[in-house]
Amino acid sequence: VECLGNGGKKGAGFTGDNSSTNKPKKDKGCGSRGKDCLGNTNQLDGLIQQEIDRRFDPFIGWFPADFDYAASEYPTYDYYAEQAYEQAGYNLLQIAARNQDNPMTDDDWLNAGVPIEYIYNKGVGAKAPGHQFFLNYMDRDIKNPSNYEANYLNALMTTHDYELYKAKNLYYQQLLFENGSLQGAWEFLQMTIDIAGPDNPGG
Amino acid sequence: MNFPKICIGLITSVIFIVIGCTSSKPDIAIEIPSFRDYYPVLLKEAQEWRPDAYLDDARIFLFPKSSDSSVISASFQSPSKDLEMLGVDLYQDGTIASKVFTQQYPIYQHKPITEKDWKIDSQEAVEYLLEKSGRRSLSPDRNACSFIILERVLSSSEQPVIWSLSLWDCWDNAQHFYLDANSAKILDSSEVNIKPTRFPTPTP
């Protein structure tokens with residue numbers, strides 16, 4: 001697994017391989033511990049970045065790590081929620097590219113046959129650590145978490161590759177800064193691995 | 001009863017409590033770089049990428065963590081590049097690095113932010129907004145990831161240039177404060193976070 005700082009990872013909307021350094025004056029890699037980023041031998045570093053990518057994933061980031069998203073009813077709900085934007089007359093990617101608020105109303109969701117409870121429940125995902133971090137980095141007001149159901153969050157990440165990259169890097173740096181080492185950061189992530197979202201996501 | 005031991009225990013506890021209460025860094029007045037001073041250098045870097053590069057936004061961190069942490073992180077766009085943008089970072093040790101990002105979705109090309117678009121500089125903006133928030137100083141611990149960002153409000157028809165201050169501990173919700181970068185008018189959240197209108201006509 002390559003490191004975030006080297007732009008080698010592909011997360012949700014993460015440009016990774018496509019990015020290139022215009023003028024490589026200094027490798028800023030993964031923050032102050034750049035040497036950890038350069039070697040492929042540092043498995044722990046790779047695992048940390050994998051977990052960061054998982055936490056930032058707009059569809060699965062709010063679930064506990066062992067939650068089987070593909071086997072749940074959520075992919076279907078997410079698909080119908082995505083269709084609801086089009087049905088209500090919105091181009092979701094265009095809205096996200098302009099950094100506009102989520103325009104959907106309760107009626108819009110109901111007209112598209114999407115249960116409101118699902119939207120509100122999923123919107124709580126904005127409280128998941130990775131999502132919350134990205135939205136805060138994006139300078140978004142997340143007082144109303146129902147604005148941030150997975151498709152809207154995905155559109156924001158898709159249209160803001162650069163901010164997503166920078167947010168993940170800051171998250172990584174902050175983990176190292178607060179926990180002192182890769183080992184400390186990994187232990188912290190393990191302690192909080194099940195609190196990414198609600199205890200009972202299906203409930 | 002072993003009175004001396006109890007006394008020593010109590011005194012030790014008090015010492016630990018006092019140390020515990022004072023170990024977090026005290027609030028400090030905020031001093032950040034002048035964006036007006038650094039803008040020409042950052043723009044020059046961007047123009048080496050594309051001569052028509054223009055500023056999209058600039059984020060200035062209030063508490064950079066180390067010498068190689070980014071102090072100013074600016075993004076530039078080019079009218080001739082819909083799927084590329086440039087990130088330019090000024091680090092605390094004074095170095096500048098830039099990186100081209102390829103976007104998955106075409107960039108929203110907006111009116112450039114130029115030097116004429118902000119009369120209020122970064123330090124002044126922080127002071128205005130901290131006053132609005134009722135503070136004069138900030139704790140580096142409780143506001144470790146705080147930043148101020150110069151940006152256009154793309155969702156507004158006039159697309160004004162604003163300074164937005166985010167007071168953020170890195171983990172919980174940030175507090176946001178907004179200032180018109182020209183008039184120094186404090187803006188309400190509703191003037192910045194605007195919902196789009198429907199387009200095209202909703203499908204029946």
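User: At what angle do helix α2 (residues 43–56) of chain A and α9(A) pack?
Analyst: This is a predicted model: local features need pLDDT of at least 70, side-chain atom pairs count only at pLDDT 80 or more, and totals for chains, interfaces and linings use all residues. The axes of α2(A) and α9(A) are 11 Å apart. Axes are lines fitted to C-alpha atoms, for helices over the stretch in contact, and angles run from 0 to 180 degrees between N-to-C directions. The packing angle of the two helices is about 130 degrees.

User: Which residues of α9(A) make the contact with α2(A)?
Analyst: Contact means heavy atoms within 4.5 Å. From α2(A) come A:Asp45, A:Ile48, A:Gln49, A:Ile52, A:Asp53, A:Arg55 and A:Phe56. Their partners on α9(A) are A:Leu164, A:Ala167, A:Lys168, A:Tyr171, A:Tyr172 and A:Leu175.

User: What is the secondary structure of chain A, and in what pattern does it run?
Analyst: Helices (H or I, at least four residues) and strands (E, at least two) are DSSP runs, numbered from the N terminus. Chain A has 10 helices and one strand. Along the sequence the pattern is β-α-α-α-α-α-α-α-α-α-α.

User: How many helices and strands does chain B have?
Analyst: From the N terminus on, its elements run α-β-α-β-β-β-β-α-β-β-β-β-β-α. The count for chain B is four helices and 10 strands.

User: What share of the residues of each chain counts as buried?
Analyst: Buried means under 20% relative accessible area, exposed over 50%, and partly exposed in between (1.4 Å probe, protein chains only). Of the 203 residues of chain A, the buried share is 59%. Of the 204 residues of chain B, it is 49%.

User: What part of the accessible surface of chain B belongs to carbon and sulfur atoms?
Analyst: Chain A exposes about 8100 Å², with carbon and sulfur atoms supplying 48%. Areas come from the Shrake-Rupley method with a 1.4 Å probe; for residues, only the protein chains shown count as cover. Chain B comes to about 10100 Å², and its carbon and sulfur part is 57%.

User: Is A:Lys166 buried or exposed?
Analyst: A:Lys166 is found in helix α9 of chain A. Beyond neighbours within four places in sequence, A:Lys166 contacts A:Tyr137, B:Ser73 and B:Asp89. Its relative accessible area is 13%, so A:Lys166 is buried.

User: What is the relative accessible area of B:Lys111?
Analyst: B:Lys111 sits in the loop between β5 (96–102) and α3 (122–132) of chain B. Not counting residues up to four places away in sequence, B:Lys111 touches B:Arg152 and B:Gln159. B:Lys111 is exposed, with a relative accessible area of 56%.

User: What is the phi of A:Asp139?
Analyst: Residues are numbered from 1 along each chain as its sequence is written, chains are lettered from A and ligands numbered from 1 in the order in which they are written, and side-chain values use heavy atoms, leaving out hydrogens and water. A:Asp139 lies in the loop between α7 (129–137) and α8 (150–159) of chain A. A:Asp139 is buried, at 6% relative accessible area. Phi is positive in this residue other than glycine, near 65 degrees.
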